[in-house]
Each structure stands twice: as C-alpha cells, then as structure tokens.
Amino acid sequence: MNLSNLKSLTKKLALTTALIVGALGTSACGNDTPATAVPNSETQSRQVRVVAAAQTEAARVVSASGTLAADDQFVLGTKVVGRLGEIHVDLGSRVKKGQAIARIDPSDYRLRVEQADAALQQSRVRLGLPAAGNNDKVDIEQTSLVRQAAAVFKEARLSHDRMVELWERKLIARAELDTAVSQLAVAEGRYQDAIEEVRNRQAVLVQRRSELEIAGQQLADTAIVSPIDGAVSERQAAVGQYLPAGAPVVTLVRTHPLRLRLAVPEREARLVRVGQTVDLTVEGDPSKYQGRVARLSPAIAESNRTLMIEAEVPNGQGALRPGSFAKADIVIESGQRIVTVPQDAIVNFAGIEKVLTVANLTAVEKRVRTGRRIDDRVEIVEGLAVGDEVVVRPGNLVGGEPVQVIR
C-alpha cells in the first residue's frame with residue numbers, strides 16, 4: 001500500500017468516528033438518563049429471612065454437671081473358711097436379694113453338725129429326756145439322780161430321829177447318836193450335790209444346743225448370698241481356691257436407684273431444695289432421664305465455691321451405669337416466661353455470641369447472652385426483647401451490609 005492510499009483510509013475512519021459520536025450526543029440530549037449508568041442499590045442487596053423473638057414458657061432451671069454413682073457398693077466375702085466349691089456369677093451378672101452367688105465346700109461343716117447333734121442327744125439322755133426333741137425343760141426333783149439322793153437323805157433323817165428318841169430314853173450310847181447325826185449331814189450334802197449336778201447337766205444341755213445352732217449356722221454360711229438387688233462389678237475368686245474368713249469373692253453394686261452427685265455454684269445454691277425435679281442426660285445417650293433432689297451438703301466447698309447435692313435417679317431398666325458423666329438441670333420454678341430465637345439465628349465468633357437484626361435495610365449486629373437450648377430454639381438471657389426480628393441463617397453476613405427482607 002502506498003502513502004496516498006494510507007492517507008485516504010485514515011480520513012475515512014476519522015469521518016466515521018465523528019458521525020458515531022454525534023449520534024450518541026443527540027440521543028443523550030433527548031433522554032433524562034445519564035450516559036454512564038449508576039447501578040441500583042437493590043441489585044446489590046442481599047436477601048435475608050427474619051423471624052421475631054418469641055416469648056416461651058419454660059421451667060427455670062439450675063444447670064450443673066456431675067457423676068452417677070451406685071447407691072451401694074461393697075465387697076461380698078466369706079464368713080467361714082474353706083475351699084470355694086462353686087460360683088454362679090461373673091462380671092455384669094444381675095443378682096436378686098437372697099440369691100446364692102457362691103458356696104464353700106460344705107462337707108466339713110455337715111460333719112460338725114452331726115457331731116454337735118450327737119453331743120446334744122447325749123446331754124438330753126443324761127437328764128432323762130428323749131434323745132430327740134426340742135423341749136429341754138426338766139423337773140429337777142424328778143430326775144433319777146436327785147430322787148436317789150433324796151431317798152438316802154430321807155432314810156438318814158428317819159434314822160436320826162429314831163436315834164434321838166432312843167438317846168432321850170437312855171437306851172443307846174452317845175456314839176450311836178453321833179453316827180446318826182453324821183450320816184444325816186452326809187445324806188443332805190449328797191442330796192444338794194445331786195441337785196447341783198442336774199443343774200450342771202442342764203447348763204451342758206444349753207451349751208450343746210448352742211453348739212448345734214452354731215454348727216448349723218456355719219453350714220448355712222457356706223452359701224454366699226446377695227443381700228441386695230444389684231449387679232456384679234468385679235469377681236475376685238475362682239472355684240477350687242482356699243479362702244480364709246472374710247476373703248472377697250465378688251463386688252456388688254446397687255444400680256437402682258442411682259445417686260447423681262452435682263456441684264451447684266454458690267450463687268444458685270440457695271435456690272435448690274430437696275424434692276425438686278432433676279432432668280439429666282449422659283454422654284453417648286440421646287435419651288433424657290429424670291430424678292429428684294434427695295440430699296444437700298450442709299456446707300459450701302471453699303475450694304471451688306460450690307454446694308454438693310445428691311439426686312436419686314430411678315434405674316429399673318439398668319440403662320444408666322455408675323460412673324457415667326451427666327449433665328443435669330434442676331427445675332427450681334415451672335412456667336417461667338423466657339425470650340427465644342431459632343438456634344440457627346445465633347452466630348458464634350471467637351467465643352462471642354451475637355445475632356443480626358435489620359435496621360433501614362442494613363444488617364446490624366447485636367451481642368447476646370444465651371441460656372438453655374429448648375429443642376431447636378435458644379433462650380436469650382440478655383440482648384433481645386420479645387418481638388425483635390433477627391436474621392435466620394445469616395451465613396457470612398456482617399453488620400453494615402445492605403439487605404432485602406423476605407418473610
């Protein structure tokens with residue numbers, strides 16, 4: 001392309017540009033809209049949904065956390081020595097009151113019962129009673145030993161009386177009278193000795209009866225029975241093991257009811273009373289359980305300024321386990337009116353809880369203090385009033401952003 005042709009093309013482009021600019025200027029003069037359009041603020045607004053804070057009736061509670069404990073826990077051991085012959089339970093076994101848990105080999109104790117019974121029969125026979133029987137009453141004067149001594153004593157008295165009469169009539173010598181007096185004294189002594197011997201035999205009979213009862217009790221004690229309804233938390237002996245008296249066999253816990261030990265802050269301790277309802281949950285269990293305050297400590301713990309309380313929690317089905325961590329609400333007043341908002345209206349940032357409200361089509365942040373969670377709603381203790389509207393699911397919305405409210 002030569003120089004003349006290039007100049008001609010340049011002139012044509014300049015003319016075309018001038019015509020276009022003129023047309024645009026004419027169009028702008030006939031329209032109120034400026035040539036550079038300003039974006040509408042509504043097109044930049046973010047649509048949000050709001051709900052009003054509602055008034056709800058709920059129980060006033062004191063929240064605390066604690067541990068479930070067995071109502072009773074103790075080690076069940078042997079009362080007699082011997083070799084463990086059998087055991088019927090293991091870890092986790094449920095037991096009833098009076099149920100046999102284990103047994104010491106009873107062979108030796110059966111022999112002791114037989115020995116004591118034979119000694120008892122011997123003592124009964126010596127008193128003139130039948131060998132077998134439970135009536136140990138004896139008429140001392142009717143026993144053979146006393147009757148024999150009484151007969152000798154009676155004969156000696158008669159002989160003495162005759163000798164006295166003959167002595168008074170000067171028919172016998174003094175020596176014969178002295179002999180009769182001595183024989184009477186000896187007979188009387190033997191009579192008293194016979195009575196004492198029978199009483200001694202009565203005492204021996206009582207002793208033999210006690211020995212038989214002791215032997216029978218020891219035989220009964222070879223059976224180790226549960227004194228409570230509960231469960232086995234530990235087994236400490238095995239069949240064949242020789243156990244001394246008092247040796248542990250199993251550890252039992254009473255699981256119904258359970259004790260819930262809670263530490264209540266001092267500022268709220270004055271509100272807690274015996275008999276108040278306690279609602280609780282445990283880790284890993286979505287179910288809710290209920291109990292009642294049973295005991296209050298008489299003193300505040302100085303170390304952490306809390307009051308220790310105990311609640312009784314029914315556990316008939318065994319769903320709760322001793323040692324579990326529990327969160328509890330002590331109901332101190334029913335029907336309290338509180339302010340609540342949906343749970344997804346709460347924004348938590350760096351430990352600070354807040355909600356977003358709308359004022360003049362602009363998001364406004366409000367810091368709040370929350371309380372209980374009631375289903376899908378949250379109690380607002382401070383920061384909102386009934387009827388205040390809050391943004392639901394604000395996401396990354398921040399204060400100062402323009403918003404458009406949808407309902």
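Okay, the largest nonpolar core: it has 24 residues, and the ones touching the most other members are Leu-68, Leu-260, Leu-262, Val-278, Leu-280, Ile-309 and Ile-330. By nonpolar core I mean a set of buried Ala, Val, Leu, Ile, Met, Phe, Trp, Tyr and Cys residues joined through side-chain atoms within 4.5 Å. Buried is under 20% relative accessible area, exposed is over 50%, and partly exposed is in between, with a 1.4 Å probe and protein chains only.

Quick housekeeping: this is a predicted model, where local features need pLDDT of at least 70 and side-chain atom pairs count only at pLDDT 80 or more, while totals for chains, interfaces and linings use all residues. Residues are numbered from 1 along each chain as its sequence is written, and side-chain values use heavy atoms, with hydrogens and water left out.

Which elements give two or more residues to it? Those are strands E2 (54-77), E9 (248-265), E10 (277-282), E11 (285-301), E12 (306-313) and E13 (325-342). The labels are DSSP runs numbered from the N terminus: helices are H or I with at least four residues, strands are E with at least two. Take Ile-309 as an example: leaving out residues up to four places away in sequence, Ile-309 touches Leu-260, Arg-261, Leu-262, Val-264, Val-272, Val-293, Arg-295, Leu-296 and Ile-330. A contact here is heavy atoms within 4.5 Å. Apart from this core lies another one, of 19 residues, including Leu-120, Ala-149, Phe-153 and Leu-184. As background, nonpolar side chains tend to be buried together in soluble globular proteins.

Staying with E13 for a second, Val-339 sits in that strand. Buried or exposed, this Val-339? Buried, because its relative accessibility is 14%. Its contacts, again not counting residues up to four places away in sequence, are Ala-53, Ala-54, Val-378, Glu-379, Ile-380, Leu-384, Ala-385 and Val-386. Ala-54 is 285 residues apart from Val-339 along the chain, yet their C-alpha atoms are separated by 5.7 Å.

Now, a sheet. Four strands make an open one, ordered E6-E5-E3-E8, with antiparallel pairing. Its edge strands, each pairing on one side only, are E6 (223-225) and E8 (242-243). Two strands count as paired if DSSP finds at least two bridges between them. E3, residues 82-87, runs antiparallel to E8 and is joined to it by 2 bridges. In that pairing, Gly-82 stands opposite Leu-243 of E8.

Next, a loop residue. Lys-96 is in the loop between E4 (94-95) and E5 (100-104), and it counts as exposed because its relative accessibility is 57%.

Most residues other than glycine have a negative phi, and most peptide bonds are trans. Here, though, His-256 and Pro-257 are joined by a cis peptide bond, omega about -5 degrees, and Pro-257 lies in E9. Then there are two positive phi values in non-glycine residues. Arg-305 has phi near 55 degrees; it is in the loop between E11 and E12 and is partly exposed, at 40% relative accessible area. Leu-361 has phi near 60 degrees, in the loop between E15 (352-359) and E16 (362-367), and is exposed at 56%.
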